[in-house]
Amino acid sequence: MNLKLTAEELAFRDEMRAFFTTQVPADLRARVANGDELSREDFVTSQQILNAHGLAVPHWPTEWGGKDWTPVQRHIWRDEMQLASVLDPLSFNTDMVGPVIAAFGSQEQKQRFLPGTANLDIWWCQGFSEPEAGSDLASLKTRADRDGQDYVVNGQKSWTTLGQHADWIFCLVRTDPNAPKRQAGISFLLIDMTTPGITLRPIKLIDGSYEVNEVWFEDVRVPAENLVGEENAGWNYAKFLLGNERTGVTRVSASKVLVSQAKKRAAHIRLGDRRLVDDPLFAARLARIENELLALELTQLRVVAGSANGKPNPASSLLKLRGSELQQAATEILMDTAGPDALPYFADAIASPTWAQRATRRYLNYRKVSIYSGSSEVQRNIISSSILGL
């Protein structure tokens with residue numbers, strides 16, 4: 001692979017860099033960089049700025065707001081966005097349900113949902129995991145029984161991220177409980193969160209946040225027109241979705257920002273007669289993470305280029321696995337940089353820098369990244385079977 005950007009690609013990079021650092025409010029980008037808690041309005045504001053300039057869904061079909069970009073341009077777009085601490089467009093909308101509707105939905109569904117999905121006028125959440133069907137997603141039990149022009153949905157979904165903000169939920173539901181294989185008999189259904197019979201309850205996480213939820217469905221009537229694609233073909237659509245999701249969750253540049261923050265902070269922290277950044281063990285640890293991020297970035301470019309035909313690439317599991325590990329390594333080194341100052345949490349009366357207290361919360365929160373979108377164990381199984389042929 002030629003790792004040197006062409007003159008056109010360098011110009012594109014400069015265009016993206018200028019946009020992200022001048023058109024998205026600086027105070028919002030600062031709060032993203034600091035790991036502050038963000039509101040629903042923050043997400044909407046950021047994504048609508050991007051969408052107004054055609055930068056929210058460049059990987060979608062051009063008919064629905066996409067760009068005729070090369071894989072390298074798409075990589076530069078996301079890279080510069082994360083380097084500038086701009087919120088990624090909401091993944092549930094842009095990387096998950098949007099591409100599924102664009103690829104498999106009816107024309108009516110595309111016209112109804114895709115514009116609002118790109119502009120975050122519709123906030124989607126994901127209804128995949130269940131209490132007994134997380135990594136083993138094919139074990140899901142939520143039922144959708146056909147009744148005239150509706151499906152009647154009963155069951156429970158767990159770990160529904162940001163469901164408290166959502167207008168709609170895209171769900172995997174079992175429409176044929178007698179199918180010969182667990183992966184068969186599953187359908188992909190779009191459900192309005194205001195429909196009677198839906199109950200949402202928040203789950204408190206280890207970092208103190210309420211980011212995820214449980215969702216119950218009790219005799220929820222969903223119009224059959226909200227079925228995406230064919231009945232009982234939902235497993236194929238889910239694999240398509242997860243392939244897109246796992247490519248996007250690598251977050252190399254976001255990890256770069258965290259490592260850069262650790263390096264800058266370490267330059268002002270003393271260890272005896274020298275700075276922390278000059279400590280040989282700390283410096284070696286920083287260098288190792290930076291080199292591993294570079295290797296992952298190059299791997300991501302190869303995988304994205306190989307997925308240009310829209311088909312899921314099993315190599316995306318490599319990105320998910322390694323990206324999760326390096327995100328956690330980046331949050332850990334930032335927390336370790338803070339040292340004892342990282343111990344307090346929301347402790348205004350203690351002389352501990354705010355960034356240090358937030359570093360611990362971010363470290364705890366990022367334990368999730370090796371679980372969602374398929375746990376690290378699942379990714380290793382996919383790599384073993386689909387890539388190595390074991």
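Reply: Residues 6-119 carry the annotation "domain: Acyl-CoA dehydrogenase/oxidase N-terminal" in an unreviewed UniProt entry. UniProt positions follow the numbering used here, feature names are shortened, and annotations may be inferred rather than shown by experiment. The model is predicted, so local features need pLDDT of at least 70 and side-chain atom pairs count only at pLDDT 80 or more, while totals for chains, interfaces and linings use all residues. Residues are numbered from 1 along each chain as its sequence is written, and side-chain values use heavy atoms, with hydrogens and water left out.

The span 6-119 is 68% helix and 0% strand, and its end C-alpha atoms lie 32 Å apart. Helices (H or I, at least four residues) and strands (E, at least two) are DSSP runs, numbered from the N terminus.

We now turn to the rings. Rings of Phe, Tyr and Trp (its six-membered ring) pair if their centres lie within 6.5 Å; planes under 30 degrees apart count as stacked, over 60 as edge-to-face and the rest as tilted. By this rule there are 13 aromatic pairs. In one of them, Trp124 and Phe170, the ring centres are 6.3 Å apart and the planes stand at 55 degrees, so the pair is tilted. Trp124 belongs to strand β1 (residues 124-127) and Phe170 to strand β4 (residues 168-174), so the contact ties together parts 46 residues apart in sequence. Both Trp124 and Phe170 are buried, where buried means under 20% relative accessible area, exposed over 50% and partly exposed in between (1.4 Å probe, protein chains only).

Phe170 also pairs with Phe128: the centres are 5.9 Å apart and the planes are at 85 degrees, so this pair is edge-to-face. Phe128 sits in the loop between β1 and β2 (143-147), 42 residues from Phe170 in strand β4, and the pair thus links distant parts of the chain. Phe128 is buried, as is Phe170.

A charge sits over a ring if NZ of Lys or CZ of Arg is within 6 Å of the ring centre and within 35 degrees of the ring normal. The charged end of Arg146 is placed over the ring of Tyr151, 5.3 Å from its centre, and Arg367 lies over the face of Tyr363, at 4.0 Å from the ring centre.
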